[in-house]
Amino acid sequence: MPLSSTLAANASAPRRVRPLARRLQRGDQIAHLITLIFAATIFIITAFLSYELYTGALLTRQKFGWSFLSGTTWDPVALEFGALPFIYGTLVTSALALIIGVPLGVGAAIFLAELAPLGVSDGLAFIIELLAAVPSVIYGLLAIFTLVPFLRDYVAPLLQSTLGFLPLFQGQSYGVSLLAGGSILAIMVLPFIISISREVLLAVPREQREASLALGATQWETTWNVVVPYAKAGIIGSIFLALARALGETMAVTMVIGNDPRINLSVFAPGYSIAAAIANEFSEATGDMHISALIELGFVLFCITIAVNAVARLLILTTTRKSGAT
Amino acid sequence: MKTLVAVAVLAFFCVSCADSERTQAEAPPADQVLINGAGATFPYPIYSKWFNEYHRKFPQIQINYQSIGSGGGIRQVIEGPVDFGATDGPMTDEQLKQAKTKILHFPTVLGAVVPAYNVPGVTHEIDFTPEALAGIFLGKITKWNDPELKNANAEVNLPDKNIVVIHRSDGSGTTYVWVDYLSKVSPEWKSKVGVNTSVNWPVGLGGKGNEGVAGLIKQTPNSIGYVELIYAIQNKMPYGKVRNSAGTPVKADLASVTAAAAGAVETMPSDFRVSITNAAGKDAYPVSSFTWLLIPSKIQDQAKKKVLKEFLQWMLTDGQNMVEALSYARLPKEVVAMEQKAIPEIE
């Protein structure tokens, strides 16, 4: 956003041409130039990154072409590489993270912004922001020693006895699984959803609430029908930020996902994510083909992240336009 | 007066400058030598001890080592940003061809990989035949009370439970040694899976690093995985015996690992690129391996060359006395003698 606005401002600049010396005398112009450079750096880094990933993956792109995306074998010995199990694992764990994390996160944000006393709300918000700063390896360790046995011994038997007829919940449960990956991601993205959604909800103008209450709505009706819809764009934004974090999370996921590149419908089965595969194999990859395949995986993840962000932008755009029209 | 002082100061400065230049020029070539290396993580504890001790002995020599993994070590020594590399698996012929100068392998210490398990109710050590290990890791033996396991372990009360296989998910020299052993004892493994630092596992869950595998084994009942011997000893993990090529069940320890190296001495090639898994010898532990330093045979910098040669000599003599304190197995005498003969190949 700052990039596009600076670029736009820059495009309109030549219209008011002034001698260079006079322009430089004005602090505005210098600040303009410096901030433009800063903004452009971000653009250049992104462009350079995608270029490097694209060219680094040359070998596997030539050998496999599009079948890299649909292949299901990952064999560094026979040099056969297909990314589908990793893409699947990445998308499934991120989806699970959102399924678990969004209701919890948005619910908590509503409570903190609308219902809790201010002291409690601020105190909890501070703790939640601390959670966001915990290194992911700590989450991963916690998950191995608490979440994984808990899922294996309690959650899996419960789900299997109630919803076991669904293929989603069949098969043996080892603990480390897509579900464990999704759960730890849900915990990790919660702080993002809660703290941003809370800020957005708090920013809803007081008049909106007062008007609704004056019309005879209860407090919950006001919250649910007036405040939350008003803050919808911001809440969706927080969810997509959480999704972006979930897609790229490496360390905690690789510790609990089972690291098995196979596609399994069951969430109790082990899986593998793109980021985990790169982190696991890159340091010991010796063959050029293997390295190229890992770089191409990185490129695929990059594209997925861009696509997710684009969808987020679109969604926010359409929801704000709709709410603006009503 | 002021100018006089200035001139005096300047003159003094010049003299001292010239003086320091002269001392630098006259200093022996070994003065202030900085050597950089990178590679395998498995021998990192002993390497860092060696380089520290060596620095303490010769304060002007500083050897830096980054444990970035064997793959990285091989890559960097081929491309040349480091003075030496280190690896847990020998370089392939193809990799050797990529390097501009010939790369020499120098075995430094020995390590072993052990089958660690978590089977509730089993207190006795499990004895694994090669067929049992290959079967388990191929996914063909799925129960702990499979006849293959039961026949070798008459006195162990093996449960009727599914085996959960756990392997390394990160590329690793440990994996290389383990699958190298499996492919030697099982033709099916060799053709189906093969040998590499990471492979396409037929079954199992992946854990990151020795600690990841160990964590999964501890957390998962009825599981089996493989970890480095040192890691199993330090963390007091139960691990089984493996039957060697002579058919003797051997528990991995420093002596049985050194015995494996001694068993390989007769067939040792002159470039030391040898796999000693499934080695001959009654006492040899079959899943053992050397770890190597990779040193270019032509070193331009005379000072670095001298230091590296002297260090190798020291590592093979005094250095070997330090390895057992860190649970590494020392090189057999015969291998030390062979390496000492190979040191002059560095030119």
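Is B:Asn278 buried or exposed, judged by its C-beta neighbours inside 10 Å? B:Asn278 is buried, because 22 C-beta neighbours fall inside 10 Å and 20 or more are enough for that class. The views below come from a predicted model.

**View 1. B:Asn278, a loop residue of chain B with positive phi.** This asparagine has a phi of about 55 degrees, a positive value although the residue is not a glycine. The loop that holds B:Asn278 runs between helix α11 (254-263) and strand β11 (288-296) of chain B. B:Asn278 counts as buried, with its 22 C-beta neighbours inside 10 Å.

**View 2. B:Ser327, a loop residue of chain B with positive phi.** B:Ser327 is not a glycine, yet its phi is positive, at about 70 degrees. On either side of its loop are two helices of chain B, α12 (302-316) and α13 (333-342). B:Ser327 has 19 other C-beta atoms within 10 Å and is therefore partly exposed, because a buried residue needs 20 or more.

**View 3. Residues 7-30 of chain B, a stretch with pLDDT below 50.** Chain B has an average pLDDT of 86, and 91% of its residues score at least 70. Over residues 7-30 of chain B, in contrast, the pLDDT is below 50. This stretch has 8 contacts in the model beyond near neighbours in sequence. Where pLDDT is low, predicted coordinates should not be read in detail. For the model as a whole, the scores are ipTM 0.76 and pTM 0.81.

**View 4. The contact between chain B and chain A.** Chain B brings 30 residues to this contact and chain A brings 24 residues. On the side of chain B that touches chain A, the elements giving two or more residues are α3 (70-79), β7 (205-207) and α9 (209-219) of chain B. Of these, α3(B) gives the most, with 5 residues. By class, this side of chain B consists of 8 nonpolar, 19 polar and 3 charged residues.

**View 5. Chain A and its helices.** Chain A has 15 helices and 2 strands. Its C-alpha atoms fill a box of roughly 65 × 60 × 35 Å along the principal axes. Of the 326 residues in chain A, 36% are buried. Among contacts in chain A between residues at least 6 apart in sequence, 77% join residues at least 24 apart. The views that follow stay within chain A.

**View 6. Helix α8 against helix α9 in chain A.** Helix α8 (residues 136-163) and helix α9 (residues 178-202) of chain A pack at an angle of about 130 degrees, and their axes are 10 Å apart. This angle makes α8(A) oblique to α9(A), and the crossing is right-handed. From α8(A), the residues in contact are A:Ser136, A:Tyr139, A:Ala143, A:Leu147, A:Val148 and A:Leu151. They meet A:Leu179, A:Ala180, A:Ser183, A:Ile184, A:Ile187 and A:Met188 of α9(A). The contact has 10 nonpolar and 2 polar residues, and no charged ones.

**View 7. Helix α7 against helix α9 in chain A.** The axes of α7 (residues 118-132) of chain A and α9(A) come within 9 Å and cross at roughly 140 degrees. The two helices are therefore oblique to each other, and their crossing is left-handed. A:Ala125, A:Ile128, A:Glu129, A:Leu131 and A:Ala132 represent α7(A) in the contact. The partners in α9(A) are A:Pro191, A:Phe192, A:Ile194, A:Ser195 and A:Arg198. This contact of α7(A) with α9(A) divides into 7 nonpolar, 1 polar and 2 charged residues.

**View 8. Helix α6 against helix α12 in chain A.** Helix α6 (residues 84-115) and helix α12 (residues 232-248) of chain A pack at about 145 degrees, with axes 9 Å apart. The crossing of α6(A) with α12(A) is right-handed. Residues of α6(A) in the contact include A:Thr90, A:Ser94 and A:Gly101, and those of α12(A) include A:Ile235, A:Ile239 and A:Leu243. In total, the contact has 10 nonpolar, 3 polar and no charged residues.

**View 9. A:Leu58 in helix α4 of chain A.** Helix α4 of chain A covers residues 58-64 and contains A:Leu58. This leucine counts as partly exposed, because 13 C-beta neighbours lie inside 10 Å. A:Leu58 and A:Ile42 are 16 residues apart in sequence, and their C-alpha atoms are 25 Å apart in space.

Terms used: Residues numbered from 1 in each chain as written. Chains lettered and ligands numbered in written order. Predicted model: local features only at pLDDT ≥ 70, side-chain atom pairs only at ≥ 80, totals over all residues. pLDDT = per-residue confidence, 0-100. Contact = placed C-beta atoms within 7 Å. Helix = DSSP H or I, 4+ residues; strand = E, 2+ residues; numbered from the N terminus. Buried ≥ 20, exposed ≤ 12 C-beta atoms within 10 Å, placed from the backbone. Nonpolar A, V, L, I, M, F, W, Y, C, P; charged D, E, K, R; others polar. Axes fitted to C-alpha atoms, helices over the stretch in contact; angles between N-to-C directions. Parallel < 35°, antiparallel > 145°, perpendicular 65-115°, else oblique. Left-handed = near helix turned anticlockwise from the far one by under 90°.
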